[in-house]
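Student: I would like to go through the side-chain interactions of this structure with you, one question at a time.
Tutor: Gladly; here is the structure, and then we can begin with the terms.

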Amino acid sequence: MSNLVSTIVFLAVVGGLAWVGWGLEPQWSSKDGRKFMCRMLEHSAGADDSARGRWHDVKVGVNEDELFVYARSRRSASLRGVWKISGVTDDEKKRRRLYEVRASDGAAAVLRVPLRSRCVPVLDALVP
């Protein structure tokens, strides 16, 4: 009987840790906020809202008024390049700030960062 109880407790703990782990997202910012990691979603041209893309982890560097994005995986290679911020909104429910960015070729994407991140004041200064 104790073997069954310990197995159930173990599975509950593993399930709880997995649930918490999937809710967290990677975010790092340098002390000056000019280099950071966040999540990025590319808007597909002509796609409807039901065909949503996938959030990808990216590294971002800020240089003057441009964002240099380095994708962390091969699946997100299309996100690599130079982007400029075109707008900003807040997601108060999840305590995140969403920055709409555009590339020189017309591609559009969204950067998602926590509201308390050190990169938020740097990015807010770039909003037109």
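Tutor: A residue is called buried under 20% relative accessible area, exposed over 50%, and partly exposed in between. Please keep in mind throughout that this is a predicted model.

Student: With those classes in hand, is K84 buried, exposed or partly exposed?
Tutor: The class follows from the relative accessibility, where the values between 20% and 50% form the middle class. For K84 the relative accessibility is 40%, so this lysine counts as partly exposed.

Student: Which residue forms a salt bridge with K84, and which parts of the chain does the pair tie together?
Tutor: The closest N and O atoms of K84 and its salt-bridge partner D65 are 3.4 Å apart, and D65 is itself partly exposed, with a relative accessible area of 40%. Because K84 lies in strand β5 (residues 81–91) and D65 in the loop between β3 (56–63) and β4 (66–71), the pair ties together parts that are 19 residues apart in sequence. The partner is therefore D65, and the parts are strand β5 and the loop between β3 and β4.

Student: How many salt bridges does the structure hold by this rule?
Tutor: The rule asks for a side-chain nitrogen of Lys or Arg within 4 Å of a carboxyl oxygen of Asp or Glu. Applied to this model, the count comes to 5.

Student: How far apart are the closest N and O atoms of D124 and R97, and where do the two residues lie?
Tutor: D124 is in helix α2 (residues 120–124) and R97 is in strand β6 (residues 96–103), so that the pair links distant parts of the chain, 27 residues apart. D124 is partly exposed, with a relative accessible area of 31%, whereas R97 is buried at 15%. The closest N and O atoms of this salt bridge are 2.5 Å apart.

Student: Which residue is linked with R97 and D124 in a network of salt bridges?
Tutor: R97 and D124 form a salt bridge with each other, and the network takes in one further residue beside them.

Student: What is the distance between the closest N and O atoms in the salt bridge of E100 with R102?
Tutor: Both partners fall in the middle class of accessibility, since E100 is partly exposed with a relative accessible area of 29%, and R102 counts as partly exposed at 39%. Their closest N and O atoms are separated by 3.0 Å.

Student: How many disulfides does the structure hold?
Tutor: A disulfide requires two cysteine sulfur atoms within 2.5 Å. The cysteine sulfur nearest to that of C38 belongs to C119 and is 6.8 Å away, and C38 is in no disulfide. C38 is buried, with a relative accessible area of 1%, and C119 counts as buried at 0%. The number of disulfides is 0.

Student: Over the face of which residue does R112 lie?
Tutor: The assignment rests on the CZ atom of Arg being within 6 Å of the ring centre and within 35 degrees of the ring normal. R112 lies at 4.1 Å from the ring centre, and the ring is that of W55.

Student: Finally, which residues does L115 touch, if those up to four places away in sequence are not counted?
Tutor: L115 is found in the loop between β7 (108–114) and α2, and is partly exposed, with a relative accessible area of 26%. Its contacts under this condition are D90, E92, R95, R96, R97 and V120.

Notes: Residues numbered from 1 in each chain as written. Predicted model: local features only at pLDDT ≥ 70, side-chain atom pairs only at ≥ 80, totals over all residues. Heavy atoms only, no water. Buried < 20%, exposed > 50% of the residue type's maximum accessible area, 1.4 Å probe, protein only. Helix = DSSP H or I, 4+ residues; strand = E, 2+ residues; numbered from the N terminus. Contact = heavy atoms within 4.5 Å.
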